[in-house]
Structure formats: structure tokens, C-alpha cells
Amino acid sequence: MPTCCLCCQENELKISHAIPHTVFKNIYRGKGDSGKSIVVPGGGDEHIHYSSDSWATLQLCDKCEKLLNKHYESYSIKVLRGAIGQCKKHSVGVTFSKIDTSKLINFFISVFWRAANSRHNSYSKVYIPEPWNKQIGEMLLNNFTVPLKLATVKLSRLIDYRETGGFSPRASVSV
């Protein structure tokens with residue numbers, strides 16, 4: 001019987017996404033890219049290419065998958081889509097107010113933790129050394145705010161200034 005990466009209990013594992021599947025669904029619905037994402041490999045001989053893979057693996061038991069989705073993902077996706085709190089877009093980024101920042105921070109840390117513990121090749125270079133990996137997992141499992149001394153979150157906007165398209169400062173970000 002396989003072991004859940006979060007609770008460390010032997011159990012049937014569910015398909016898990018480090019980056020929420022809903023993010024991939026928005027990418028796949030995009031126009032002009034045939035409903036695929038752009039894969040930028042992290043080295044080697046592999047070239048940049050399109051893919052419809054959502055980078056899922058058997059990783060978490062049903063209980064842990066639901067726990068992360070309930071405590072962090074559902075709320076945070078609503079915040080990022082502007083359904084909770086207030087979101088103000090401006091020239092240098094986005095400012096959120098009237099939100100639970102602990103949940104949002106834990107959401108991004110949970111994405112990082114899932115990626116580091118995923119067996120999917122797309123996350124092969126994501127690594128959290130011990131004992132921090134185990135400590136972060138325990139904090140997420142017990143719904144504790146991950147302390148700043150253990151992990152922090154910083155988000156940056158990716159812009160491609162080439163005239164051939166790609167990302168731009170005016171592009172809307174959808175999650």
C-alpha cells in the first residue's frame with residue numbers, strides 16, 4: 001500500500017496537483033495556443049514546447065487532498081479571482097486587502113511543498129531539505145500558519161517584452 005506524502009499513512013493515493021488544476025484549465029481555455037501551456041524546461045537538451053499535461057501525480061490520500069483544498073486552495077483561488085476581499089490592479093502589480101493573508105501564504109507554501117514532494121518530472125528541481133520539508137508538511141496538515149522563519153512567499157510578475165507576443169505588462173493574469 002502506498003504512503004501519503006502529507007500524513008505519512010498507508011492509504012490509497014489520489015491524483016494530486018501541486019499547481020491547482022483550475023489554473024491549468026484556464027490556460028487550456030486560452031486562445032491562440034491551442035489550449036496548451038508552454039513548457040520551459042529547466043536544462044538539458046529539451047526544447048520549449050506546448051503541453052496539455054497538468055503535472056498531476058499520485059501523492060496524497062483523499063483526506064489530505066481534501067484538507068489542503070478546503071483550508072487553502074478553495075479560499076485562495078477565490079481571492080486571486082477577486083471573489084473574496086478587494087483586489088486593485090495597478091502598473092506595478094496587484095494589491096489585495098480584506099483577506100486572510102495566513103491562508104493565502106499557506107496556499108502558496110502548500111503549492112511549493114506539493115511540488116517539492118511530487119514525483120512529476122516537471123518538479124524535479126523543486127527541493128525542500130529536511131527537517132524543513134517535514135516541518136512544513138506538519139504545519140499544513142495541522143492547519144497552522146507556516147512561520148516566516150521557516151518559509152516566506154514572494155510573488156513576481158513574469159513579463160516578456162519581445163514584440164512577437166508572449167507575456168506583456170498589459171496582460172491580465174487569470175488563475
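Let me start with Arg114. At 2% relative accessibility, this residue counts as buried. Keep in mind that we are looking at a predicted model.

What does Arg114 meet in a salt bridge? The partner is Glu65, and the N to O distance is 3.3 Å. This pair links distant parts of the chain. Glu65 sits in helix 2, Arg114 sits in helix 3, and 49 residues separate them. Is Glu65 buried or exposed? Glu65 is buried, with a relative accessible area of 11%. The cut-off for buried is under 20%, and both Glu65 and Arg114 fall below that cut-off.

Stay with helix 2 for a moment. Lys66 and Asp62 form another salt bridge, at 3.1 Å from N to O. These two are four residues apart in helix 2, which means about one helical turn lies between them. In general, an α-helix has 3.6 residues a turn, so residues three or four places apart point the same way. Now the accessibility. Lys66 counts as exposed, at 52%. Asp62 counts as partly exposed, at 32%.

How many salt bridges are there? The count comes to three. Lys14 has 30% relative accessibility, so it counts as partly exposed.

On to the rings. Lys103 lies over the face of Tyr75, at 4.9 Å from the ring centre. As for aromatic pairs, the count is one.

Next, helix 4. Which residues of helix 4 are buried? They are Asn133, Ile136, Gly137, Met139 and Leu140. Look down the axis of helix 4: its buried residues fall within an arc of 160 degrees, so they line one face of the helix. What do they pack against? Helix 2, residues 62–80, and helix 3, residues 101–117. After helix 4 comes Asn143, with a positive phi near 60 degrees.

Last, confidence. The mean pLDDT of the chain is 82. Of its residues, 75% reach 70 or more. Which element has the highest mean pLDDT? That is helix 4, residues 132–141, with 96. The lowest belongs to strand 2, residues 37–39, with 67. Where pLDDT is low, the predicted coordinates should not be read in detail.

To recap, take two things away. Glu65 in helix 2 and Arg114 in helix 3 link distant parts of the chain. And the buried residues of helix 4 pack against helix 2 and helix 3.

Technical notes: Residues are numbered from 1 along each chain as its sequence is written. This is a predicted model: local features need pLDDT of at least 70, side-chain atom pairs count only at pLDDT 80 or more; totals for chains, interfaces and linings use all residues. Side-chain values use heavy atoms; hydrogens and water are left out. pLDDT is the predictor's confidence in each residue, from 0 to 100. Rings of Phe, Tyr and Trp (its six-membered ring) pair if their centres lie within 6.5 Å; planes under 30 degrees apart count as stacked, over 60 as edge-to-face and the rest as tilted. A charge sits over a ring if NZ of Lys or CZ of Arg is within 6 Å of the ring centre and within 35 degrees of the ring normal. Buried means under 20% relative accessible area, exposed over 50%, partly exposed in between (1.4 Å probe, protein chains only). The arc is that of the directions from the helix axis to the C-beta atoms. Contact means heavy atoms within 4.5 Å. A salt bridge is a side-chain nitrogen of Lys or Arg within 4 Å of a carboxyl oxygen of Asp or Glu.
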